[in-house]
Amino acid sequence: MAPFRLRPLTDDDVPMLLPWRNHADVRRFMFTQHEIGADEHRAFFDRALRDPTRAYYLGLDDETPVGLVTFRDIDPVQESASWGFYTRPGSPPGTGRRMLTLALDQAFVRDGLTKVSGEAFAFNRASIRLHLGLGFSVEGFLRSHRQCGGRRVDVVRMAMLEGHWTSEHKAWLARASEARSRSAGGDAPRSYRVDAHGGLAQLVVNHLTAGMGSVTSVHLDALRAATHVGTVELVLRRVANGAGQATFDIDIVDADGATLARGRADVIVAEGRA
Ligand SMILES: CC(C)(COP(=O)(O)OP(=O)(O)OC[C@H]1O[C@@H](n2cnc3c(N)ncnc32)[C@H](O)[C@@H]1OP(=O)(O)O)[C@@H](O)C(=O)NCCC(=O)NCCS
């Protein structure tokens, strides 16, 4: 399985988006509400993909397209943009959160933006919950702001600041490091909870390298591709020791107790540390 990732949208992807965008579960939450025709769709993206104030990314789950994230009004002077998104109808739960986590890293870490804003109809509970879950703050409640299905509806404006995003990320790293120091040593199964923004494989590698000292290499089986955002429990069980080597069985379990990933790690350590 390939890791969840984003890639820039291309002209060839455009036809695939039309049925997603026109699907009732997407269209009713869009500010432009009419059913979009094929010509209108193509003409829109012909312009939009060449507009320097816009950027479009596809979310890929194991290389299958599962959603679209749009940045609009990208202003390099103000270091700001607004965003919009939708997932492919029928995509698995968690798709939105995974895709948008990567999109915020793209905006703040790679593109150097300082502020990303989003607006949602006040009745769009999934979008608002998703924004707030990612750490966005509500900055405005715009009463009777837009037409929607023949009535005027309220709109919620939300925003994320770069400092907040990166400090949340730092807070996660601090929690992971604290958990590592608690669980270092001993042969008993070890578990801890972290809010993992990103790859579970990276979490395991961090854990092993910090917990065991002079690790020179970690070979991971099966976990490589898994990503998750949320609270996870990492359970490591040492199953074999050799000279300068340790082997662990690894389970990664979500907050509901479901196993997200399972794997094995072979760790090569400097002599005397395994
Ligand atoms: C909004 C959207 C991107 C969310 O994607 P998703 O993959 O369903 O989201 P996730 O599964 O990652 O869930 C994110 C949060 O939304 C919540 N959520 C998802 N669907 C929900 C629904 N129908 N009602 C209420 N909350 C919902 C989840 O419970 C989760 O919250 P939690 O972590 O607090 O439990 C997707 O539903 C979509 O494309 N909607 C139509 C287009 C749209 O509204 N775009 C945004 C315009 S502002």
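## Residue A246

A246 sits in strand β13, which covers residues 245–254. Helices (H or I, at least four residues) and strands (E, at least two) are DSSP runs, numbered from the N terminus. A246 has 21 C-beta neighbours inside 10 Å and therefore counts as buried. A residue is called buried if 20 or more other C-beta atoms lie within 10 Å of its own, exposed if 12 or fewer, and partly exposed in between, with C-beta atoms placed from the backbone. A246 and A265 are 19 residues apart along the chain, and their C-alpha atoms are separated by 8.2 Å.

This is a predicted model, in which local features need pLDDT of at least 70, side-chain atom pairs count only at pLDDT 80 or more, and totals for chains, interfaces and linings use all residues. Residues are numbered from 1 along each chain as its sequence is written.

## The seven-stranded sheet

Seven strands make an open sheet with mixed pairing, in the order β1-β2-β3-β4-β5-β7-β6. Its edge strands, each pairing on one side only, are β1 (5–8) and β6 (137–148). On average, neighbouring strands of this sheet are turned by 30° against each other, direction ignored. Axes here are lines fitted to C-alpha atoms, for helices over the stretch in contact, and angles run from 0 to 180 degrees between N-to-C directions. Two strands pair if DSSP finds at least two bridges between them.

Strand β2 (residues 55–61) pairs with β1 in the antiparallel sense over four bridges. Among the partners, R7 is bridged to L58 of β2, and L6 to G59 of β2. Five of the seven residues of β2 are buried, so the strand is mostly covered.

β2 also pairs with β3 in the antiparallel sense, over seven bridges. Y56 stands opposite T70 in β3. The hairpin of β2 and β3 has two residues between the strands, and D62 there takes a positive phi near 50°. E63 lies in the loop between these two strands, β2 and β3. Phi of E63 is near 70°, a positive value in a residue other than glycine. Most residues other than glycine have a negative phi. E63 is exposed because it has 11 other C-beta atoms within 10 Å.

## Strands β6 and β7

None of the twelve residues of β6 is buried, so this strand lies largely in the open. It pairs with β7 in the antiparallel sense over eight bridges, and C148 has R151 in β7 as its bridge partner. In the hairpin of β6 and β7, which has two residues between the strands, G149 takes a positive phi near 55°.

S144 lies in strand β6. Phi of S144 is near 45°, a positive value in a residue other than glycine. With 10 C-beta neighbours inside 10 Å, S144 counts as exposed. F136, in the loop between α5 and β6, is buried, with 23 C-beta neighbours inside 10 Å. The C-alpha atoms of F136 and H164 are separated by 8.8 Å, although the two residues are 28 apart along the chain.

Helix α4 has 16 residues (95–110) and should span 22 Å at 1.5 Å a residue; its end C-alpha atoms are 21 Å apart, which agrees. The expected span is 1.5 Å times one less than the number of residues. Its buried residues are G96, R98, M99, L100, L102, A103, L104, A107 and F108. Just after α4, G112 takes a positive phi of about 70°.

In soluble globular proteins, nonpolar side chains tend to be buried together. A nonpolar core is a set of buried Ala, Val, Leu, Ile, Met, Phe, Trp, Tyr and Cys residues joined through C-beta atoms within 7 Å. The largest such core has 32 residues, and those with the most contacts inside it are V69, A81, L100, A103, L104, A107 and V116. At least two residues of this core come from each of α1 (14–22), β2, β3 (64–75), β4, α4, β5, α5 and β7 (151–161). α4 gives the most, with seven residues.

## The ligand shell

The ligand is surrounded by 22 residues, of which F29, G96, R97, A120 and A126 are the closest. A residue is near a molecule or strand if its C-beta atom, placed from the backbone, lies within 6 Å of it. The elements giving two or more residues to this shell are α2 (24–27), β4 (80–87), α4, β5 (115–121) and α5 (125–134). α5 gives the most, with six residues.

The shell divides into eight nonpolar, ten polar and four charged residues. Ala, Val, Leu, Ile, Met, Phe, Trp, Tyr, Cys and Pro count as nonpolar, Asp, Glu, Lys and Arg as charged, and the others, Gly among them, as polar.
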